[in-house]
Amino acid sequence: MTRLPALAVSTLATAALLTGGTAEAASPPFTASVFRATHNSYSGSVDGAKNSIAYQLDHGVRFVEYDIHDNGYATNHDYGVGHDSPGNAVDHSGGNPASNNLRDWLSVVNTWSAAHPSAAPIVVMLDLKDDLTDNANFAAGNLTAVNQELESVFGSRLLRAQDYPAGSPTVDALRGRVLPLLSGDGGSRSEYKRDVGYHPAVALNGRGQIVEVHDSGSGGLWYWTGTYGTDGRVTWLRHGKYDNGQTPAVALNDNGDLVEVHQSQGATTLWYHVGKLGADGEITWQASHQYDDGVQPTVAFTDATHLREIHKSQNNSQNWDWDGVLAGTAVSWSGNAKTSDARYAKDTAANGTRRVRVWTGADGSTPSNTLRVDTPSVTGDRIRYRQVAFDEFQKGDSAELQQGALFYGAPATESAFITSARQSGKLVRGWDFDSAGDATTPLASYPATNHPYDAWYQNLLTGAVE
């Protein structure tokens with residue numbers, strides 16, 4: 001049986017000896033290392049011979065895979081672990097959780113990591129078996145909910161993708177940390193890295209709270225909320241769908257009250273919503289109400305409770321306006337008249353020294369309708385989920401998923417892809433790694449097997465980092 005891959009694992013340690021160091025003192029770069037990994041880790045001995053999650057970690061596994069589904073999220077307030085469906089091919093024995101709830105399975109890793117702070121970094125991969133982009137908001141289990149669950153379970157042990165150290169961190173520098181990784185549904189992985197839309201509009205209040213609204217181009221109205229940081233960057237907090245329509249605009253006061261206006265999809269009626277922005281970034285939306293006919297509506301607060309709305313006639317270029325008074329969960333409109341005033345610049349908002357502009361445009365390989373944001377400190381940031389998790393690039397994925405990716409993945413039989421990615425300094429997962437014949441030189445960073453205790457696997461992984 002060939003041992004070349006195992007020798008490749010320890011090349012750096014050998015180099016340390018030749019230069020006067022010791023294998024124990026040499027901490028290899030994270031991306032140059034190889035770790036034991038399991039495929040469908042939750043299936044234990046139901047599928048393969050892996051035993052429980054804790055047993056796997058005790059025996060050197062540093063890459064754990066959970067397949068997750070959003071079935072029943074609204075009821076369980078959690079994702080379900082399982083292969084084809086929640087509970088499918090799940091091994092609940094040996095100390096594994098009795099439930100299929102993802103939080104319970106993440107907690108097993110967290111408990112083990114807390115008890116082994118010197119262990120090599122553990123990657124927890126969530127294989128998204130369902131499309132999460134059709135989950136309308138946080139409560140329905142969108143990707144913000146994934147972020148929140150990861151952060152709440154792992155706390156300070158979590159190494160967020162956005163905090164990954166620059167350069168080439170060593171394994172020792174990352175010991176005791178847990179790295180989350182998204183795999184599976186390609187649409188969800190793409191949306192995690194960027195969002196797309198049309199006709200974005202933004203509002204900013206004196207507390208640095210931000211609300212952005214846009215239409216999908218096919219009838220949906222969506223929002224993002226965020227905060228304006230001391231570094232001049234926007235951190236986006238919550239995302240969701242709130243109605244159907246097009247060309248929305250929004251106004252926001254310092255109390256977190258907001259008024260949104262939009263045109264109906266494919267028609268010229270104008271509608272408004274009242275909403276309340278919570279401390280967590282979520283918006284409580286009231287029902288929509290028609291207030292006029294027209295196109296391209298814009299709106300702004302003139303003080304804490306008074307508003308002015310300006311839109312264009314559906315018949316010509318004439319602008320019309322309304323005065324509004326916000327009272328509770330409704331606006332009282334009056335004074336409708338022609339105006340020579342321009343409509344508000346709904347894509348730009350300013351408050352004191354803070355300025356925000358939203359727009360659409362490609363960012364590298366992303367689509368031309370990628371949502372972007374400018375402030376005086378940054379230009380062209382993507383409007384997107386906080387990058388808590390890493391996003392896996394798989395063989396056959398689009399160029400936008402490859403852009404900036406640290407983790408790559410492919411079936412273990414895709415030797416050319418694995419070898420090329422490893423030579424490019426990437427962390428590479430080869431799944432269904434169930435034969436010594438799947439070995440490459442260099443070996444995949446994470447040879448994800450169903451049989452981690454077989455002699456052939458142990459021999460190949462001699463020198464794997466623990």
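Strands here are DSSP runs of E with at least two residues, and helices are runs of H or I with at least four, both numbered from the N terminus. The model is predicted, so local features need pLDDT of at least 70 and side-chain atom pairs count only at pLDDT 80 or more, while totals for chains, interfaces and linings use all residues. Residues are numbered from 1 along each chain as its sequence is written, and side-chain values use heavy atoms, with hydrogens and water left out.

## Pockets

Pockets are found on a 1 Å grid over the protein atoms alone: a pocket is an open set of points where a 1.4 Å probe fits, with protein on both sides within 12 Å along at least five of seven lines, and lining residues have an atom within 4 Å of a point. Points are joined across faces, edges and corners, and the volume is the space filled by probe spheres set on them.

Strand 6 (198-204), strand 10 (246-252), strand 15 (295-301) and strand 19 (348-351) each give at least two residues to the lining of the second largest pocket. The volume of this pocket is about 320 Å³. Its lining has 22 residues, and Ala203, Leu204, Val250, Ala300 and Ala349 are the closest to its centre.

The largest pocket holds about 660 Å³ of space. Its lining also has 22 residues, with Ala161, Gln162, Arg384, Arg386 and Gln387 nearest the centre. Strand 9 (234-244), strand 22 (381-382) and strand 23 (390-391) each supply at least two of the lining residues. Strand 9 gives the most, with three.

## Nonpolar cores

A nonpolar core is a set of buried Ala, Val, Leu, Ile, Met, Phe, Trp, Tyr and Cys residues joined through side-chain atoms within 4.5 Å. Buried means under 20% relative accessible area, exposed means over 50%, and partly exposed is in between (1.4 Å probe, protein chains only).

The largest core has 50 residues. Tyr66, Leu106, Val124, Leu126, Leu150 and Phe154 have the most contacts inside it. Contact means heavy atoms within 4.5 Å. Leaving out residues up to four places away in sequence, leucine 106 touches Tyr66, Val124, Leu126, Glu149, Leu150, Val153 and Phe154. A second, separate core has 22 residues, including Phe30, Leu159, Ala448 and Val465.

## Aromatic pairs

Rings of Phe, Tyr and Trp (its six-membered ring) pair if their centres lie within 6.5 Å; planes under 30 degrees apart are stacked, over 60 edge-to-face, and the rest tilted. There are 24 aromatic pairs in the structure. Phenylalanine 30 and phenylalanine 35 form an edge-to-face pair, because their ring centres are 5.7 Å apart and their planes stand at 65°. Both residues are buried.

The pair of phenylalanine 63 and tyrosine 446 is tilted, with 4.9 Å centre to centre and 45° between the planes. Phenylalanine 63 lies in strand 2 (residues 63-69) and tyrosine 446 in strand 27 (residues 446-449), so this pair ties together parts 383 residues apart in sequence. Phenylalanine 63 and tyrosine 446 are buried. Ring pairs link Phe30, Phe35, Phe63, Tyr164, Phe390, Phe407 and Tyr446 into a cluster.

## Helix 9

Helix 9 (residues 415-423) has Phe417, Ile418, Thr419, Ala421 and Arg422 buried. Its buried residues pack against strand 24 (393-394), strand 25 (407-411) and strand 26 (427-431). Glycine 425 follows the helix, with a positive phi near 85°.

## Prolines and backbone

Proline 97 sits in the loop between strand 3 (80-81) and helix 5 (102-115). Proline 97 is buried, at 9% relative accessible area. Beyond its neighbours within four places in sequence, proline 97 contacts His92, Asp104, Trp105 and Val108.

Threonine 441 and proline 442 are joined by a cis peptide bond, with omega about 0°. Proline 442 lies in the loop between strand 26 and strand 27.

Asparagine 51 is not a glycine, yet has a positive phi of about 70°. Asparagine 51 is partly exposed, at 29% relative accessible area. Threonine 247, also not a glycine, has a positive phi of about 45°. Threonine 247 lies in strand 10 and is buried, at 10% relative accessible area.
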